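Subject: Structure handover

Hello,

Here is the structure for your files. My notes on it follow below.

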Amino acid sequence: MATDKSKFIDYIDEALEKSKETALSRLFFTYQGIPYPVTMCTSETFQALDTFEARSDDIVLASYPKCGSNWILHIISELIFADSKKKYEYPEFPVLECGDPEKYQRMKQFPSPRILATHLHYDKLPGSIIKNKAKMLVIFRNPKDTAVSFFHFHNDVPDIPSYGSWDDFFRQFMQGQVSWGSYFDFAINWNKHLDDENVKFILYEDLKENLAAGIEHIAEFFGFSLTGKQIHTVAAQSTFQAMRAQSQQTHGAVGPFLFRKGEVGDWKHLFSETQNQEMDKKFRECLAGTALGAKLKYESYCQS
Ligand code: A3P
């Protein structure tokens with residue numbers, strides 16, 4: 001992998017260390033109506049985020065948790081490497097809203113392009129990102145696989161607080177009482193901006209279907225000029241198998257849990273018929289008839 005992720009790993013290890021002492025009932029705090037994990041976010045950092053100065057060449061990668069943000073981060077850093085021959089260094093943990101409040105001051109010194117991953121709703125982004133028209137890539141994944149991935153992350157990683165059962169987790173997920181809140185609220189919020197000139201939508205399932213084509217679209221959007229051969233090299237380095245094989249080096253102990261299965265349709269192993277119907281109904285209520293509702297190809301990926 002073309003990145004030095006030691007800061008990345010340090011930050012993850014620190015969050016896991018805090019998680020060890022945190023019961024599930026104390027994992028969340030609410031900021032402006034949305035639950036966030038106390039192990040990764042603080043209200044001081046959220047307040048400081050308002051002062052963050054975005055640049056027009058910042059690379060913003062937005063997603064709801066478990067929709068493939070680490071995949072996209074990897075692809076972008078490989079694209080930067082292929083385009084510039086410069087290894088992308090992570091001077092900070094890349095999730096914009098995570099870390100200490102001073103990070104935004106330190107970030108002023110970082111060279112462009114800066115990669116800013118985020119799980120924030122569009123309307124919670126710092127105003128300077130919108131004002132300076134930084135390009136934003138938004139990755140979505142079908143809500144059923146997203147929920148299953150989220151559940152496994154909690155219940156498989158030894159240091160992260162576990163849920164009593166899948167049914168418990170499903171209930172909380174549907175109520176939006178999980179880290180970064182409701183998938184559906186996130187989707188409704190971003191739906192209004194997917195056609196903005198500086199925003200590009202990408203679907204996890206499409207990327208699985210044709211990784212090289214997806215990478216080509218991402219490269220085009222951010223203005224990286226790569227040959228077909230380079231695109232294929234990046235694709236070969238970005239498969240689930242390639243990333244999982246490197247995961248301990250890139251993400252530390254949590255790596256193999258983070259790169260768990262990487263499949264489409266894993267929800268079929270956990271969802272009961274009642275849960276299927278409940279999510280189908282929620283999808284219809286929130287997203288049917290919207291541009292995003294169509295883009296998610298729900299019938300293909302969420303109905304058996
Ligand atoms: P699973 O738990 O279903 O395996 P995030 O990075 O946003 O936390 O998302 C994690 C999910 O993305 C995990 O899903 C992980 O396996 C999947 N993922 C990561 N890299 C991937 C890749 N190269 N190809 C397919 N899926 C990938």
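How many salt bridges does a search of the whole structure find? The search finds twelve, a salt bridge being a side-chain nitrogen of Lys or Arg within 4 Å of a carboxyl oxygen of Asp or Glu.

This is a predicted model, in which local features need pLDDT of at least 70 and side-chain atom pairs count only at pLDDT 80 or more, while totals for chains, interfaces and linings use all residues. Residues are numbered from 1 along each chain as its sequence is written, and side-chain values use heavy atoms, with hydrogens and water left out.

One of the salt bridges joins Lys144 and Asp280, at 2.9 Å from N to O. Lys144 lies in helix α6 (residues 143-156) and Asp280 in helix α15 (residues 273-287), so the pair ties together parts that are 136 residues apart in sequence. Helices here are DSSP runs of H or I with at least four residues, numbered from the N terminus. Both Lys144 and Asp280 are buried (under 20% relative accessible area; exposed is over 50%, partly exposed in between; 1.4 Å probe, protein chains only).

Lys261 forms a salt bridge with Asp266, with the closest N and O atoms 2.7 Å apart. Lys261 is partly exposed at 32% relative accessibility, whereas Asp266 is buried at 5%. Salt bridges with shared partners also join Glu92, Asp100 and Arg106 into one network.

Ser304 is exposed, at 80% relative accessible area. Leaving out residues up to four places away in sequence, Ser304 touches Trp267 and Lys268 (contact means heavy atoms within 4.5 Å).

Regards

Key: Helices (H or I, at least four residues) and strands (E, at least two) are DSSP runs, numbered from the N terminus.
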